[in-house]
Amino acid sequence: MSNVPDNLRYRDSHEWIDPMQDPAPVGITDHAQAELTDVVFVDPPKLGTQVSAGQQVCVIESVKAASDIYAPVSGEIVTINEALSSDPGLLNRDPYLGGWIFKIKTSNAAQADALMNAEAYRKHIG
Amino acid sequence: MSDTTPLRRTPLHAVHVEMGARMVPFAGWDMPVQYTGIVEEHKAVRQSVGVFDISHMGQFIVSGKGAEAFLNRVLTNNITKLQPGQGQYTLLLNSKGGVIDDLIAYRTSEREFFLVVNASRIDADWAHIESQLTKDDDVMMANASDFTAGLAIQGPKAREVAAKIFGNSDSFPEHNTILVTMTENGPMWLCGTGYTGEDGFEFFMPAESAEAWFRKIVDAVKAEGGVPCGLGARDTLRLEMGYPLNGNDLSEDRSPLQAGLGFFVDLNKDNFTGRDALVAQKNAGLPDKLVAFRMTGAAPPPRPHYPVAHANQIIGEVCSGTQSPSLGAGIGMTYVPLSAAGIGTTLEIEIRGRRFPAEVVKKPFYRKPSV
């Protein structure tokens, strides 16, 4: 069973966001990291970019494939997790804490409420 | 692959699903890409042992008084050098010298040969070989692909697995040799070959025997600290050795000389299909050459079809590319003009619009640490 923390919000494409923090960290779920296995490279978003909810913002590479990561909400990318450049495996080992990918300064707080809560996401990954 | 063509299933399909494999389409087949993870499976093969389902591969039996002469006319390597029980890597070319397939040919007896061909090329190979038969050839051809399953057991512990499953240590085929055994369901072929750079063997058997053998082998592999492996690890393992994959690194538009496989082409033997084109190409000089490259800094893994640049000009595209689990770096192969083929030449791989530096390196990428 993969871990789905109750305090986060989720996109159907398996990103999580912590809306209680400002700026809000974004990462991929435990389920997503288990499906990808062996993340070998994170191509981070550009610092300072304005993105809209659902926009493709960066790419995660596993041995087999490159996967697009989408912004869960609209806003500005204000921080990048530099630790991932030397240790992309953090995404596999610690997807919810050390493995956050970027932080976003939300321009529309209501967008996070529209995302799935933990219960809905658990159903989504069945 | 057209979306409307149903994917074919090997006799082990249900067992893969039961064992938790993730299935993906490959060469028209629904195959396991991984069980637990590509890197774990890759490392198991380098350090202990792994077992792969290779039932999608094709097997032809060519026999008769004229079989040797016929195959020597159709294939690039010199088949007359094979004693019964021996095999060789060889190529099937079109008349322009382009590669239709790369395969292993074994001599199973004085007048019988066993060919193992790529899954994606079974029909093309069969048609091409058959089209070269004349009424003067005393040759019989049989396509055993549909009723033959295959397992590859690869890794430093492969001999232990063979001893355990066969109950003796004599049933391990040495490198490039073949052992044939008759069973009540049909023949079994044990071949001393692989696609990983490790010790091991490929085991072809009647489809109805496959599941029992697979379960027995998986148990023996696990007892040696190994795991069942998918095509993902098969690809990273073969690329670390610089082995070409037909469709990625070999094509009907390029010759084996361009692919660096001249060692398996005997231009001194009697005429064979594609020979004239190869001689002409050799005399004129190769237009390009397949080289190995390694990413020199932090970079996303290179993948097939990414553009390749040299001296600020796009000169080609990545043929095979991946992240090497053994080296922790991106590796790949690409065709470049001879001027950019020297070891140490700087290339750039274009990934999502950005260029990342790479360097032409010697094959294989990976060498076993000496003990």
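Q: What makes strand S18 and S19 of chain B count as a pair?
A: In this predicted model, strand S18 (residues 346-351) and S19 of chain B are joined in the antiparallel sense over 6 bridges; two strands pair if at least two bridges lie between them, so S18(B) and S19(B) count as paired. One position of this pairing is B:Glu350, which stands opposite B:Arg355 in S19(B). The two strands form a hairpin with 2 residues between them, and in the turn B:Arg352 has a positive phi of about 50°.

Q: How do you know that strand S14 of chain B also pairs with strand S19 of chain B?
A: Strand S14 (residues 289-295) and strand S19 (residues 354-361) of chain B run antiparallel and are joined by 4 bridges, and because at least two bridges are required, S14(B) and S19(B) count as a pair. Within this pairing, B:Arg294 stands opposite B:Glu359 in S19(B).

Q: What makes strand S5 and strand S8 of chain B the edges of their sheet?
A: The open sheet has 5 strands in the order S5-S6-S7-S4-S8 (chain B), with antiparallel pairing. Strand S5 (87-93) and strand S8 (140-143) of chain B each have a single partner strand, so one side of each is left without a neighbour in the sheet, and they stand at its edges. From one strand to the next, the twist averages 25°.

Q: How do you know that strand S6 and strand S7 of chain B are paired?
A: Strand S6 (residues 99-109) and strand S7 (residues 112-117) of chain B run antiparallel with 5 bridges joining them, and because a pair needs at least two bridges, S6(B) and S7(B) count as paired. Among the partners here, B:Tyr106 is bridged to B:Phe114 in S7(B). Helix H4 (residues 122-131) of chain B lies across S4, S5, S6, S7 and S8 of chain B, running at about 70° to S6(B).

Q: Which elements give two or more residues to the side of domain 1 of chain B that touches domain 2 of chain B?
A: Chain B is divided into domain 1 (13-56 + 146-240) and domain 2 (288-361), whose C-alpha centres lie 31 Å apart. Contact is made by 8 residues of domain 1 with 6 residues of domain 2 of chain B. On the domain 1 side, H2 and H7 of chain B are the elements that give two or more residues, and that side holds 2 nonpolar, 2 polar and 4 charged residues.

Q: How many residues of chain B are in contact with chain A?
A: There are 14 residues of chain B in contact with 11 residues of chain A. On chain B, strand S2 (29-34), helix H2 (38-47), helix H7 (231-240) and strand S16 (313-324) each supply at least two residues. By class, this side of chain B has 7 nonpolar, 6 polar and 1 charged residues.

Methods. Residues numbered from 1 in each chain as written. Chains lettered and ligands numbered in written order. Predicted model: local features only at pLDDT ≥ 70, side-chain atom pairs only at ≥ 80, totals over all residues. Contact = placed C-beta atoms within 7 Å. Nonpolar A, V, L, I, M, F, W, Y, C, P; charged D, E, K, R; others polar. Axes fitted to C-alpha atoms, helices over the stretch in contact; angles between N-to-C directions. Domains from an automatic or database assignment.
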